[in-house]
Amino acid sequence: MRENAVPGDSVAPPSFPLGLRLAGAGVHLYTALGSVLGFWIVIAAFEGNAITALWLGLAALWIDGTDGMLARRFRVKETIPWFDGARMDDIVDYLTYVFAPIVLLWTTDRLPGGPIGWVVAALPLLASCYQFCRVDAKTADHFFLGFPSYWNVVAFYAIVLDIGRSGVAITLVVLTVLVFVPVRYVYPSRTALLRNLNLALAGVWLVTYAVLLAQYPDPNPVVVALSLGYLVYYIGLSLYLTVGGRLRSRQAVEPRG
């Protein structure tokens, strides 16, 4: 690790075992695999294999949900300090959460035809470009600021629940607006409050994702209800914490009479 030392710096950087450094490199490779999944999702979409694309999307969700924990476990910021894993994660997330899902919606004819369809498809792409470049898109206390570009989730429900063009278009427009509304959305793997419960429920949601894909095109209403129930919980908790946090901040600055 001597090559990372700054000339003239009297303090040498810490040295780490080769195994730990290789593990860190392995974590970065694991994250990078998401870019390959994004490519495969697009290929599957253009080949008319929407369900295959959604299975690949589930794999991308799994990688994104676990790579951060692995990165912290193997201390990648310390063992490979010259490599920006967060930037790579943002690139991969844009491909798998934004670009590939919008392509999938387009190829499955879930968007309006003509110029309106082009505009509706462009809105999430542009809004997420803005969001991914905001330095406060993830807050210091581990919340997402604004709708966290879960366009892959939109594409999933649009296909498995057979939502029509108008419903998908309205959803995309509304969520695009919400990208710019400073609601603090829970980051399931990092938000401290109710973290274990959030992780458990997110895990259940991933299971319902897989079950609904396996049941396609005849989803079980109970599984649908469980899946949508998690979304209600997630949005409700995010709104509750946002409003509660603002009320506490307002009370803290009010002068005492």
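The report below takes these topics one after another.

The model is predicted, so local features need pLDDT of at least 70 and side-chain atom pairs count only at pLDDT 80 or more, while totals for chains, interfaces and linings use all residues. Residues are numbered from 1 along each chain as its sequence is written, and side-chain values use heavy atoms, with hydrogens and water left out.

**Cavities**

A cavity is a set of points, on a 1 Å grid over the protein atoms alone, where a 1.4 Å probe fits but cannot get out; its lining residues have an atom within 4 Å of a point. Grid points are joined across faces, edges and corners, and a volume is the space filled by probe spheres set on the points. The model has 2 cavities of 30 Å³ or more.

In the table, Ala, Val, Leu, Ile, Met, Phe, Trp, Tyr, Cys and Pro count as nonpolar, Asp, Glu, Lys and Arg as charged, and the others, Gly among them, as polar.

| Cavity | Volume | Lining by class |
|---|---|---|
| Largest | about 80 Å³ | 8 nonpolar, 3 polar and no charged residues |

Among the residues around the largest cavity are Ile41, Leu54, Thr96, Asn152 and Tyr209. Two or more lining residues come from each of helix H2 (50-73), helix H4 (85-107) and helix H6 (151-160); helices here are DSSP runs (H or I, at least four residues), numbered from the N terminus. H2 gives the most, with 4 residues.

The lining of the second largest cavity includes Asp64, Asp67, Asp89 and Asp93, along with Thr96. Its largest share, 5 residues, comes from H4.

**H2 meets H6**

The axes of H2 and H6 come within 11 Å and cross at roughly 145°. Such axes are lines fitted to C-alpha atoms over the stretch in contact, with angles from 0 to 180 degrees between N-to-C directions. Ala50, Ile51, Leu54 and Leu61 of H2 touch Asn152, Ala155, Phe156, Ile159 and Val160 of H6, where contact means heavy atoms within 4.5 Å. These residues divide into 8 nonpolar, 1 polar and no charged.

**Aromatic rings**

How many aromatic pairs does the structure hold? There are 19, counting rings of Phe, Tyr and Trp (its six-membered ring) with centres within 6.5 Å; planes under 30 degrees apart are stacked, over 60 edge-to-face and the rest tilted. Trp106 and Trp118 have ring centres 4.8 Å apart and planes at 50°, so this pair is tilted. Because Trp106 lies in H4 and Trp118 in helix H5 (residues 114-132), the pair ties together parts 12 residues apart in sequence.

Terms used. 1 Å grid on protein atoms, 1.4 Å probe; cavity = no way out; pocket = protein on both sides within 12 Å on 5 of 7 lines; lining within 4 Å.
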